[in-house]
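Work through the exercises below with the model open. Each one gives a task, then a solution in steps.

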Amino acid sequence: MKTMLIKNARFIVQSLPFNILENGAIYIEDSHIQAVGPTADLAHYEPMADVVIDASDKLVMPGLVDAHNHVGECHMFTLFGFLASPLTGIGDALDRVVWPAWCWIPEEAAYDLEMLGFMHLLKSGTTTVQDCFMWPDEAGRAAVDSGLRVENSPTLVTSLRLKDSKGPEDDLARTEAAIQKWHGAANGRVTYRVHASATYNCHEWFLKECAALANRYDVGFATHLAESVDESKRARSVWPEGEVRRAYDLGLMGPKSLFFHSCVLNDEEMALYAETGSSAAHCPPTNSMLGNVAYVPKMMAMGVNVGLGTDMPTHDMFKAMLSVSQQHAIMPREMRGLMPWTPLEMATVNGARALNLQDEIGTLEPGKKADIITIDLSRNTRLFPLIPQVLSTFITVNGTGADVADVIVDGDLLMRDQQLVHLDEQAIMARAQGWADEFLAYYMDMVERGEPLIPYIHDEFQP
Ligand SMILES: [Zn+2]
């Protein structure tokens, strides 16, 4: 049995918004939190602890949950340097940036690209991530090696052919094989969700097949839904009932369903989320790039669980928290109403619920998994004055990923005082750089020769 004691913590944010302990301690046995309380009350554990962390200058809080990301796609951002004009919307972003990058990824690059993204997340305090990526088997191997809690969601799509795809049936079979091999691996730290890319880029029969596969293995289902105003308008021109009602009619909604973005929902559609217990993952970094903001206060008031995602491996959850609070401050007055600490709730407990992990992570309580981060208060004076009642708000507004000192996942210490314990940072960066260079050379060559970068198979928004 491995054991760890965090003691003398200046503050422990046990649960939100105000359950905050001063001079606290946490004792961890294997993967679970055994005890939380005043340091003096837990002193008897110290002789039994393999590792003791003195957190006198630290704030201790639940690890952050990124409810939507594409972890292995850092190379995609090289294309932003070659844009001849600003992106005009989601369709334009997919055509000029996302699909060309996705359709290139060879199997040999998958592990290295994933590891770079996982490392970014780890260093900025994300302990759990929902990861949409291709190459389901390599994604599983990287997730295990990363040390993070990862829900892998291999990307499935019928409108175009991802690298080396032998067709949608084969893609689905490879996802199923990865579920059999990796779901529940590393003491349950790695799980799978069936992910149809979007309801407009997958054939209807395929959406049903994806949902059936999720049911067969009792895992979650996910898709990108109602991301932008453009998408919503186009969807309604093809499916008059709207894309959310269509998802409901196709049997895609339910308590194990997670819908990324969900920015453009009317009252009836929010009610469908609430009725079915479906969760949403709002991603302010990318949603705002395309001019969209989810109506979070209204969704929550209607009983919809809304988690927070970054949608990209180069962002961190602190930035996403700040984004969502700022965006709701500039929304029309009737659409405001976010409590200042709500983004932190979205980034912890709501994210946990979105991934159906609410009984395991999201708060620091005995019996829960030991997914814990610390913030170095000597480094971040913006978190002062240290008044317990405002800490949750200050973390939301003034926290940065760069101040995260220690990261513990499933009881394993992955970063101590900003030093990665298991991962070789330089080697991970060097390997990923090699693939990014290769991708860029491929991209420039294809552009020069006028070759198509995206192997389309059928139009999107099929009636
Ligand atoms: Zn996405």
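This is a predicted model: local features need pLDDT of at least 70, side-chain atom pairs count only at pLDDT 80 or more; totals for chains, interfaces and linings use all residues.

**Exercise 1: Cysteines**

Count the disulfides.

Solution. Apply the cut-off: two cysteine sulfur atoms must lie within 2.5 Å. The count is zero. Take C74: the nearest cysteine sulfur belongs to C132, 15 Å away. C74 is buried, at 12% relative accessible area. Then take C202: the nearest cysteine sulfur is that of C210, 5.9 Å away. C202 is buried too, at 3%.

**Exercise 2: Salt bridges**

Examine two of the 26 salt bridges, K7 with E46 and R174 with D171.

Solution. Start with K7 and E46, whose N to O distance is 3.2 Å. K7 lies in strand 1 (residues 3-15), and E46 in the loop between strand 3 (32-38) and strand 4 (51-54). They are 39 residues apart, so the pair links distant parts of the chain. K7 is buried at 18%, while E46 is partly exposed at 30%.

Move to R174 and D171, at 3.1 Å, N to O. They are three residues apart in helix 4, so about one helical turn separates them. R174 is partly exposed at 28%; D171 is buried at 8%.

Terms used:
Residues are numbered from 1 along each chain as its sequence is written. Side-chain values use heavy atoms; hydrogens and water are left out. Buried means under 20% relative accessible area, exposed over 50%, partly exposed in between (1.4 Å probe, protein chains only). A salt bridge is a side-chain nitrogen of Lys or Arg within 4 Å of a carboxyl oxygen of Asp or Glu. Helices (H or I, at least four residues) and strands (E, at least two) are DSSP runs, numbered from the N terminus.
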